[in-house]
Amino acid sequence: MTCSIAPGKVILFGEHFVVEGYPAIGLAVGLYARTCVEEGDLKIYSRQLGPIDPSSKEAKPYMRIIEEASIRYGCRDRYRIYIDSEIPVGAGMGSSAAVNVSLAHSLLETCGVEFTKEDVSRIAYLGEIMVHGKPSGVDNTLSTYGGLVYYRQGLFKRLNTSLPENTALIVADTGVKRDTGLVVREVLERYRRLGGLGKVIYEVAGRLVEEAVVAIEKGDVSRLGELMIVNHGLLFAMGASAWINDYLVHKMINNGAQGAKLSGAGRGGIVIGIARLENTGKIMEALKTEKVNVYLVKPDHEGVRSINTRI
Ligand code: MEV
């Protein structure tokens, strides 16, 4: 049996706008999906969901990945697949991409063909289409390569720096699950309805990402925080926010965060905040009074990889 793990992610800047070809910045995080594959009859088992019927909606991305590996790489069309994930589902932390990436990696390994990370990311992207309809590709890219990444229209560069020292990234998971595909579609509908005005908002979002790259390079936390707040405002304008997201953004800022925003598709999911280390205790304490799970982000620098552990 061959097993691989792939990390989840947080989007720091540019979600939704990235779907229309504008840039985004994301960070792969140390929460993982693990997928093991062995030759055999077709069976899909998830530790969280139990057996998954191969003809069901849930299995569609996995079946698409198996199909692509079979057509393009000459792999079999039947495998036993075991999926396990510690990434919260429907929260905007890239859980589907991490499963698709780890599956694509384990399949190609089991199949015994030579492959690159580019192959893995491309096949996983086909699975993502089955999940979201119109994915930008940022999630599978982050999960495949790891690290802090600037992404635009299928191309990416690793930002050769990390977040400024003495800085923490806090994630608050609202626990409100939503369908990424639906939110993406509704945001795009508003974009089309707004016409020229929508275009201006998207241009501003793109410009903001370029400014964020400069702020990251300079280690300017207060600038980064301010840009996060503006990014949240633009996402609110496009209908990607919900009351709970706005509330947690205020809560983080009022308790000492330099900035905060929804991250991922929004309408629930997660809110991220950036703070100086000395302020994180107060922010985490304040969030404890809300019914939300709070994490400090641990980056992942490696992306997808094989592991020896069996499920
Ligand atoms: C989801 O992590 C980010 C979105 O921009 C969708 C996408 O890029 O495919 C909302």
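Which residues form one aromatic cluster with Phe17? Select Phe17, Tyr22, Tyr191 and Tyr202, which together make up that cluster. The model is predicted, so local features require pLDDT of at least 70 and side-chain atom pairs pLDDT 80 or more, while totals for chains, interfaces and linings use all residues. Residues are numbered from 1 along each chain as its sequence is written, and side-chain values use heavy atoms, without hydrogens and water.

Across the whole structure there are five aromatic pairs (Phe, Tyr or six-membered Trp rings with centres within 6.5 Å; planes under 30 degrees apart are stacked, over 60 edge-to-face, the rest tilted). Next, select Trp243 and Tyr247, a stacked pair with 5.1 Å between centres and 10° between planes. Both belong to helix α8 (residues 243–254), where a spacing of four residues separates them by about one helical turn (helices are DSSP runs of H or I, at least four residues; strands are runs of E, at least two). Trp243 is exposed at 63% relative accessible area, whereas Tyr247, at 29%, is partly exposed (buried is under 20%, exposed over 50%, partly exposed in between, with a 1.4 Å probe and protein chains only).

Move to Tyr150: the charged end of Lys157 sits over its ring, 4.6 Å from the centre (NZ of Lys or CZ of Arg within 6 Å of the ring centre and within 35 degrees of the ring normal). At Tyr79, Arg76 lies over the ring face, 5.7 Å from the centre.

Finally, select Val89, Gly90, Ser96, Val131 and His132, the residues nearest the centre of the largest pocket among its 47 lining residues (a pocket is an open set of points on a 1 Å grid over the protein atoms alone, where a 1.4 Å probe fits, with protein on both sides within 12 Å along at least five of seven lines; lining residues have an atom within 4 Å of a point). Elements giving two or more residues to this lining include α2 (95–111) and α3 (117–132).
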